[in-house]
Every structure is written in structure tokens, then in C-alpha cells.
Amino acid sequence: MLGVPTWSDRKVEEGIGTLLRTGVLLSAAIVFLGGAVYLARHGESPADYRVFRGEPSELRQIRGIVHEAVSLRGRGIIQLGLLLLIATPVARVIFSIFGFAAEKDYPYVGFASVVLVILVYGLLGSS
Amino acid sequence: MNVLEFTALVWIGSVIAGFLGSLTGLGGGVVLVPLLTLFFKVDIRYAVGASLVSVIATSSGAAAAYVKEGISNIRIGMFLEIATTLGALLGAFLAARISTGTIAIVFGAVLLYSAYVAGQPRTKDPLDDVPDPLATRLRLNGSFPTPEGMRHYCVRRVPAGFSLMFGAGALSGLLGIGSGAVKVLAMDQAMRIPFKVSTTTSNFMIGVTAAASAGVYLSRGYIDPGLSMPVMLGVLTGSFLGSRMLFKAETKSLRLVFSAIILLLGAQMLYKGMAGKI
């Protein structure tokens with residue numbers, strides 16, 4: 001019957017659930033760690049977000065963020081966690097492509113691929 | 001205020017926003033940006049960036065639970081994500097080209113509309129199961145578990161829903177919100193998807209939609225780690241608590257309270273935007 005979830009649909013759904021949960025928990029843990037470093041070093045500084053300055057270039061691009069995080073800078077570690085968070089839905093879409101392919105649901109392999117291209121463009125194409 | 005105090009207060013505010021947003025299905029973003037801009041005096045661009053990040057966390061965290069329970073419809077989600085991600089890119093590009101005052105005015109208008117939607121009694125779930133040819137071809141019809149067993153449903157008016165979702169994506173990219181209210185319009189009203197399925201599927205899509213514009217925001221320097229950290233962790237905590245309660249709490253009175261809060265915040269945002277104070 002059309003539309004009723006099949007056994008493999010359930011399997012894909014469970015895989016997606018695990019993937020999303022892992023991605024979010026891992027990125028939250030990294031953000032938390034980075035936050036601890038950041039607060040320990042800069043907790044006493046005044047907080048001011050009234051004026052928009054924009055982030056420095058090393059916190060805008062993937063390579064710079066990884067470099068800052070490896071140097072154990074608090075803000076760099078947080079940004080790495082956020083980057084991982086942004087990557088989580090992207091990984092979910094990639095996983096879906098394989099899931100739909102395994103079900104031989106080719107129209108949906110196509111739909112998911114279109115979404116992936118749009119996401120990658122947003123991450124890489126705009127900088 | 002020093003960084004430590006600021007972080008603690010923003011965290012508490014974000015927990016509340018995430019909790020209410022998750023319970024009502026409207027997302028934490030709609031109260032988060034006004035909270036940050038109006039009370040913490042954060043520049044709206046930083047606020048939108050932080051909100052966008054928290055929206056991804058909320059969506060993915062809650063979606064993980066719903067998908068496993070088999071309530072979300074991943075085909076509806078994937079199909080409509082084409083519209084929402086394209087819209088999100090457009091919204092993110094627009095955000096750099098229009099003034100912060102204009103963003104505040106649009107935000108205020110969306111808040112007022114969200115308050116109206118949240119205050120409305122939920123539309124009755126469709127009882128008739130007449131299949132729509134396009135929805136059938138796209139395999140969008142599905143079923144979900146209820147206390148009385150599995151319930152089958154049919155999806156309607158796919159083109160109208162798809163167009164509305166493009167708009168929802170654009171608002172999400174421009175304002176850093178999940179645009180739950182527009183999604184309700186698209187999925188509940190136009191496509192006639194049962195409430196539980198539309199809420200959880202929309203949650204599922206919001207993460208991908210926000211990820212499309214978050215990349216643009218990150219490379220533009222709108223995502224500040226010091227601000228995003230308490231916002232993300234707080235909203236995540238709040239929405240986790242909220243998702244635990246979706247099946248237990250009677251949300252009607254809560255929706256009314258939430259819509260009143262949104263109404264006030266919307267009026268504030270409109271006023272500040274028009275007065276050029278944002």
C-alpha cells in the first residue's frame with residue numbers, strides 16, 4: 001500500500017534519529033567545553049553586543065575556526081561546535097539520500113540531492 | 001554587566017524561550033530575537049545569528065525523538081525542504097541588503113501574525129481521506145501512531161503548500177527563526193496535514209532550513225561564539241524539557257499565554273523598528 005511506512009522506512013527513520021541526536025549532543029558538548037574555557041578567561045570582561053562589529057575572519061571560515069579551536073581558544077572551540085551543529089542537518093540529508101536509494105525511491109534521491117546542493121552552496125558558495 | 005553575568009542571564013532567558021517554543025510548536029526563535037534585542041540590547045544581526053544556531057539545535061534535538069517515534073513524515077519533509085532551503089538562501093542574502101530597522105519591522109509583523117496563529121484554536125484534523133493525485137504520486141500520504149492505533153491521512157494542495165514553504169524559508173533566513181507560524185499555514189491549513197504530523201515534520205525541516213542560511217551568516221561574521229554559546233545551550237535545554245511534555249501537557253491555555261507574550265514583543269519590535277531605535 002502506498003504511503004504506509006515499510007520496514008526499511010522505519011530503519012531509515014531510526015538511523016536519522018540517532019544521527020541527529022549524536023550530532024546535537026556532540027556539538028553541545030564542544031560548545032560547552034569552549035564556553036568553559038571562554039568564561040574562565042574572559043568572564044570578568046564587560047559584555048557588549050550593542051554595536052555590530054562582525055566576527056574576525058578567523059571565526060568566519062572553516063579553516064580558520066579549526067585553527068582557532070586547535071590552539072584551544074575558547075571562542076574558536078565554541079565556533080567549532082557550532083560548525084558541527086550546522087553540519088548535522090547536512091549529514092542527515094546525505095544519510096537520507098542513501099536511505100532512499102536503498103529503497104529504490106529515485107525521485108526522492110533526486111529531491112534530497114537538490115537539498116544537499118543548496119546546503120553546500122550556503123556553506124561554501126557564499127563566502 | 002560582565003561576560004559571566006550576561007552569559008548566565010541569556011542562558012536562563014533561552015531556556016524559557018526554548019521550552020515555550022517547543023511546547024507550542026512555534027519554535028524558540030520567535031521570542032529569542034526580541035528578548036536579545038529589546039532586553040539585552042544586542043545588535044539584531046548578532047541576535048539573528050545566535051537564534052539561527054539555536055534553531056538548528058532545537059529542531060535536530062526534538063526531531064531525533066519524533067522521527068524515532070514514527071510521527072514525522074520524512075517524505076513530506078524532504079520534498080518541502082527544497083522550497084524552504086531555497087527560501088532560506090534568499091532570506092540570508094536579503095538580510096545583508098536591508099537595514100536593521102526594516103528587519104525589526106518585518107520581525108514585528110511576523111510576531112503579530114504568529115500571535116494570531118498561536119491564539120487560534122487548532123484546526124480540526126481532516127476526517128475525509130480523499131487522495132490527491134499529486135500527493136499520491138509524490139508518496140506524501142502517510143500514517144502515524146495514535147492512542148487508538150495507526151491513523152492514515154492524505155495530503156492536499158501540494159503546490160500551494162510548496163509556495164508557502166518557500167516564503168517560510170525566506171523569513172527563516174531573514175529573521176533567524178523557524179517560522180513555525182507560516183509552516184502551520186502551509187502544512188495545517190493548505191495541505192491539511194494532521195497537527196501532530198505537521199508539528200513534528202516542521203521541526204524536522206527547520207534544522208535543514210536554518211543550516212542553509214547559517215552557512216551564509218557564519219561566513220558574513222554574524223555568528224558570535226560568546227553570544228551563541230548560552231543561547232544554543234539554553235534553548236536546547238528548554239526544548240528538551242518541552243519535547244518531553246508534548247504528549248502530557250494540555251497546551252491550550254499555554255498557547256494563549258504564549259500568544260500574548262508574542263503580541264507584546266511584536267508590538268515592541270514594530271515600534272522600535274519604525275522609530276529607528278534598532
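Helices (H or I, at least four residues) and strands (E, at least two) are taken as DSSP runs, numbered from the N terminus. The model is predicted: local features need pLDDT of at least 70, side-chain atom pairs count only at pLDDT 80 or more, and totals for chains, interfaces and linings use all residues. Residues are numbered from 1 along each chain as its sequence is written, while chains are lettered from A and ligands numbered from 1 in the order in which they are written.

Chain B contains eleven helices and two strands. Their order along the sequence is α-α-α-α-α-α-β-β-α-α-α-α-α. Chain B has a radius of gyration, taken over C-alpha atoms, of 18 Å, close to the 19 Å given for 278 residues by the globule rule (2.2 Å times the number of residues to the power 0.38); it is therefore as compact as a globular protein of that length. Along the principal axes, the C-alpha atoms of chain B fill a box of roughly 55 × 35 × 30 Å.

Of the 278 residues in chain B, 64% are buried (20 or more other C-beta atoms within 10 Å of the residue's own, with C-beta atoms placed from the backbone). Contacts require C-beta atoms, placed from the backbone, within 7 Å. Among contacts in chain B with a separation of 6 or more, 82% join residues 24 or more positions apart.

Between the chains, 57 residues of chain A are in contact with 56 residues of chain B. Helix H1 (7–42), helix H3 (74–102) and helix H4 (106–125) of chain A each supply at least two residues of the side that touches chain B. H1(A) gives the most, with 17 residues. This side of chain A comprises 32 nonpolar, 16 polar and nine charged residues. Ala, Val, Leu, Ile, Met, Phe, Trp, Tyr, Cys and Pro count as nonpolar, Asp, Glu, Lys and Arg as charged, and the others, Gly among them, as polar.

Technical notes. A residue is buried if 20 or more other C-beta atoms lie within 10 Å of its own, exposed if 12 or fewer, and partly exposed in between; C-beta atoms are placed from the backbone. Two residues are in contact if their C-beta atoms, placed from the backbone, lie within 7 Å.
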